[in-house]
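Here are a few exercises to work through with the model open beside you. Try each task before you read its solution.

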Amino acid sequence: MRRSFVIGVLLLATARFAPGEESPLQPVADPQPLLQDIQRKMSSLTSVYLEFTQERQLKLFVEPLKSEGVMLIGRPDQIRWETTSPYQSILLGNQKTVAQFERADGEWNKLKLGFPQMLKRVMEQMTLMNQGKLDALTSDFTISVSTNRSLAVLTLVPKDENVRAMLSSLEVKMQPDSSATREVVMNEPGGDLTRIVFRRERRDVKFPPGTFDQTKPLDVAAIKAAVSDVP
Amino acid sequence: MFRKLLLPLLLALVAGCATPPGNMIPQPASSFPADALVTQRGVLTVRGRQFTLNGYLATSATGGQRLIVTENFGNVLADVLVKRDGTVFVIRSGRAFKREWVRRFVAADLQCIFGESPRMDCPGRQLSETHFVIERRRYKLDLQIVETRPGPQPAELFDESRKLTP
């Protein structure tokens, strides 16, 4: 579940692809200024809309296993993580409750979650992230930063040995000014990895009513239509 | 009187031989390509609580079937190889899915839906060509096949000599 927690880093994320030269990454001696910069920039956001492609790369398979979806963040504590392809699933959370919906045979079904308290914990941590409070990161991970002209890479290594057995490191690839995350890579000890690439970021959007409804969430098509006019 | 009873009984027996009971998955999904990568989405219900799973199944006409089960964010919960002769090799298991559990249930459910021959221990039903429900005493698995990519899969997937525990 801690692995899920690191998804919280994504709350700091936006997704603007900027072409750039790939010069060698140079380690940054003191990552604190960059982390503080991230906190400062994220604390002013009221909402974020992101579309993502998730690639699960297992060494044994020829091609990555892909899924697509959207992630929505609304202050003060709302989050919606929705997979739209190849299956449909919605995860909703706030500081008090979490909910998950699965679509089967054309209908959404609300699940009776197995570990709601764990998901709730993840959501709480995500909320902290969204408020720009990165203390949780430094307590759980050893963080290093490397940069070049087009990229800043935060590498997070779990301090907990048990977590490291599942997740050897997490790479957050950001724009050099730390204003936007391009992708997140979760590396596993055996060489497998999961890469989440972001695109179509919208900031400070006004989500329509029902976006975070944990009883009957609004259809994602309506949300996309509502945010489509936002630059 | 005896003959009147015997005839329906024989008919029922014949019918029983021809088709499995109504609460059994009728037969494996033979409509899937022999060589393919099949993506599945499952909801596992245990003691009234539900967990979502992703399944990635590589099938080979000669090598067998290799299934990798992950949770939402990609953690591998189970990895199992079923050879064409039915031999089961548990490659990876974890705290959520223990090795014996993978062998007894994950491999069995795999064969219920994708095996080559009908089994008698497949309690459940087929709701559509791509939607199955397996109901055992301790759990219920609602499984949908969401993507099928035909084509040969890497031979290593079906090589039991690679750090496997038979």
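**Exercise 1.** What percentage of the 166 residues in chain B is buried?

*Solution.* First, some ground rules: this is a predicted model, where local features need pLDDT of at least 70, side-chain atom pairs count only at pLDDT 80 or more, and totals for chains, interfaces and linings use all residues. Residues are numbered from 1 along each chain as its sequence is written, while chains are lettered from A and ligands numbered from 1 in the order in which they are written.

Next, the term: a residue is buried if 20 or more other C-beta atoms lie within 10 Å of its own, exposed if 12 or fewer, and partly exposed in between, with C-beta atoms placed from the backbone. By that rule, 35% of chain B's 166 residues are buried.

**Exercise 2.** Find out which elements chain B has and in what order they run.

*Solution.* Start with the definition: helices (H or I, at least four residues) and strands (E, at least two) are DSSP runs, numbered from the N terminus. Chain B has two helices and eight strands. Read from the N terminus, they go α-β-β-β-β-β-α-β-β-β.

**Exercise 3.** Work out how β8 of chain B pairs with β1 and β7.

*Solution.* Two strands pair if DSSP finds at least two bridges between them. Take β1(B) to begin with: it pairs with β8(B) (residues 139-150) in the antiparallel sense over 11 bridges, and here B:T45 sits opposite B:K140. Now turn to β7(B) (residues 131-135), which is antiparallel to β8(B) over five bridges; B:H131 faces B:Q144 there. Three residues lie between β7(B) and β8(B), and the two strands make a hairpin.

**Exercise 4.** In chain A, why do β1 and β7 each have one side without a neighbour in the sheet?

*Solution.* Look at the sheet order: 12 antiparallel strands form an open sheet, β1-β8-β9-β10-β11-β12-β2-β3-β4-β5-β6-β7. β1 (26-28) and β7 (107-110) of chain A are at its edges with a single partner strand each, so one side of each has no neighbour.
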